[in-house]
Amino acid sequence: MRDPHSFDIDYVAHLARLELTSQERERFSAQLGDILQHFAQLDEVDVSSVEPMAHAFPVENVFREDKSEPGLSPERALENTPRKRKNMVQVPKVVEG
Amino acid sequence: MEYEAVIGLEVHVQVKTESKIFSSVGVGFGAQPNSLTDPVVLGFPGVLPVINREAVEKSIKVGMLLNGSIPRVTKWDRKNYFYPDSPKNYQISQFDQPICSGGELEIELKGPSRNVMGEHKTIALTRAHLEEDVGKLIHLENESLVDFNRAGTPLLEIVSQPDMHTPEEAYAYLTALKMLLIYGEVSDCDMEKGQLRCDANVSVRPVGQKELGVKVEIKNLNSISGVRNGLAYEIERQIQVLEGGGTLAQETRGWDAAKGMTYHMRSKEESHDYRYFPDPDLMPVRIDHQWRDRLHASLPEKPFDRQRRYFDAYGLPYTLTSVLISDPELCHFFEEAAKRAKRPRQAANWIVNNLLGELGRAGLTLSESKVFPDQIAQLVNLIGEGVISKNLAKERVFPEMFKTGDNPAAIVQARGLGQSESAEDLEKICSEIVQANPDAVAEVLSGNKKAINFLKGRVMRATRGKANPALVGSLLEELIAEKG
């Protein structure tokens with residue numbers, strides 16, 4: 001089995017849509033490795049008797065009622081958008097999918 | 001070589017709610033771009049999504065209508081990917097504890113003719129999960145524009161097993177699913193507004209082979225006929241590649257409805273690694289027995305169950321039931337009429353053949369009809385009691401009911417349309433007509449049966465159309481026979 005703490009920095013960078021210089025590759029590899037090492041310590045705890053859980057707090061069924069309220073105006077919503085057109089966010093052309 | 005296709009469908013349906021799934025801004029189609037957003041929809045830092053109860057309830061109902069298994073606990077996960085339609089760079093979806101597991105859908109294939117019921121099949125389902133819809137991209141020549149209005153709309157993804165083998169089955173599946181979702185009041189399923197969208201997975205294999213062939217995903221099958229046509233094209237394409245000695249690549253293709261063909265979008269190598277993990281902002285939902293029972297009690301009768309009831313309870317023919325069950329509102333209208341009509345089958349006939357026809361010609365919907373179910377029942381009963389003939393009802397009474405919304409009895413009264421009550425009166429008129437037209441009588445007697453129509457017409461004119469044509473016919477025949 002693959003070591004759960006090993007990783008491919010280029011793959012991670014690709015998934016995050018980041019282009020790394022060779023120095024950055026090295027620096028981030030080391031930092032990410034340290035983080036994973038830190039988490040690896042958690043593996044030492046015996047959790048065989050604990051049911052897997054998605055949350056640490058025993059809180060369930062937090063709902064909103066289906067009532068609508070006004071949201072942001074288009075101007076306000078796009079205030080920080082660097083490029084916009086016709087009240088829409090302008091991005092480089094992407095292939096549909 | 002004979003090939004067989006294997007098809008699975010992924011249907012996305014927008015769950016009908018007033019507000020978005022994780023925040024309170026309204027949902028809608030066709031609003032000004034980016035006018036239906038808020039900090040949660042746009043994924044601004046520090047926001048807290050809170051789930052919409054209605055979206056959860058309606059999704060559970062869908063799971064129940066599909067005979068799926070509803071888990072005790074369901075939860076939400078983040079599906080991570082970068083694409084401009086996703087403002088947060090992740091979509092809140094469900095990974096390992098979806099709101100419904102398994103399930104099945106009853107479908108009806110096309111029958112040999114319009115008035116014969118087609119074969120029914122059950123298609124197995126994998127799951128249904130509740131997620132948020134993403135924004136919409138508008139592609140221009142050199143750039144793309146993003147409108148986030150759609151983002152955050154509750155979206156239920158219903159995944160079938162690779163359990164279908166023909167485009168017709170896929171078509172029937174989508175038709176049946178749409179009908180069920182409309183019955184459940186989960187969605188209006190308007191495909192033009194993107195409320196129901198469909199992707200398909202399709203592969204082909206030589207008949208008899210167990211292993212599945214190379215799977216191709218088709219996107220943009222955004223109309224029911226698009227599903228049928230897109231699949232038909234793609235199955236044929238795959239068979240031709242194999243027949244020509246080629247190999248198929250696992251890929252995603254798009255359906256171009258205008259060109260009538262599928263085109264390459266991306267290959268498997270470019271497929272995503274979504275790195276799902278539980279959404280820390282959203283608490284799991286526990287569905288206890290009480291809640292389950294309450295939702296179960298609120299489920300509607302399913303379309304095909306209703307159709308079977310219409311056969312059994314009212315003796316309706318297939319053609320009438322298939323029109324009725326396609327629209328729950330129409331079913332309600334019929335059942336109201338059937339309560340008071342002495343012949344429910346006749347009521348169904350008037351609704352499907354006459355009322356829908358007139359509404360269609362006038363460009364009106366059922367809810368705009370001036371004719372109410374009770375009045376259909378009255379009309380059916382007036383004919384049944386022999387007060388008016390079917391013809392008269394059709395030619396004079398019903399058109400006026402449709403125009404004015406008046407009760408049929410009032411129209412009959414006001415227009416003096418009641419059939420002559422005494423059979424003796426009618427016999428007298430017939431006898432007079434026979435006496436006055438010896439030529440026509442002689443012609444009938446000499447074997448020209450059609451000549452009786454002339455006499456019938458005279459009687460109808462004399463009674464101002466009030467007589468029952470069948471009765472007039474038999475009276476005339478008797479009288480002429482006496483002469484012979």
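Predicted model: local features only at pLDDT ≥ 70, side-chain atom pairs only at ≥ 80, totals over all residues.
Of the 484 residues in chain B, 40% are buried.

The secondary structure of chain B consists of 15 helices and 17 strands. Its overall form can be judged from the radius of gyration, which is 30 Å; the globule rule gives 23 Å for 484 residues, and chain B is well over that value, so it is more spread out than a compact globule. Along the principal axes, the C-alpha atoms of chain B fill a box of roughly 95 × 55 × 50 Å.

We now turn to the place where the two chains meet. Here 32 residues of chain A are in contact with 42 residues of chain B. On the side of chain A that touches chain B, the elements giving two or more residues are β1 (63-64), α3 (74-77) and β3 (88-92) of chain A. Of these, β3(A) provides the largest share, 5 residues.

How is β1(A) joined to strand β2 of chain B? The two strands run parallel, and 2 bridges join β1(A) to β2 (residues 51-52) of chain B. Within this pairing, Arg64(A) has Asn52(B) in β2(B) as its bridge partner.

How values were computed: Residues numbered from 1 in each chain as written. Chains lettered and ligands numbered in written order. Helix = DSSP H or I, 4+ residues; strand = E, 2+ residues; numbered from the N terminus. Rg over C-alpha atoms; globule rule 2.2 N^0.38 Å. Buried ≥ 20, exposed ≤ 12 C-beta atoms within 10 Å, placed from the backbone. Contact = placed C-beta atoms within 7 Å. Pairing = 2+ DSSP bridges.
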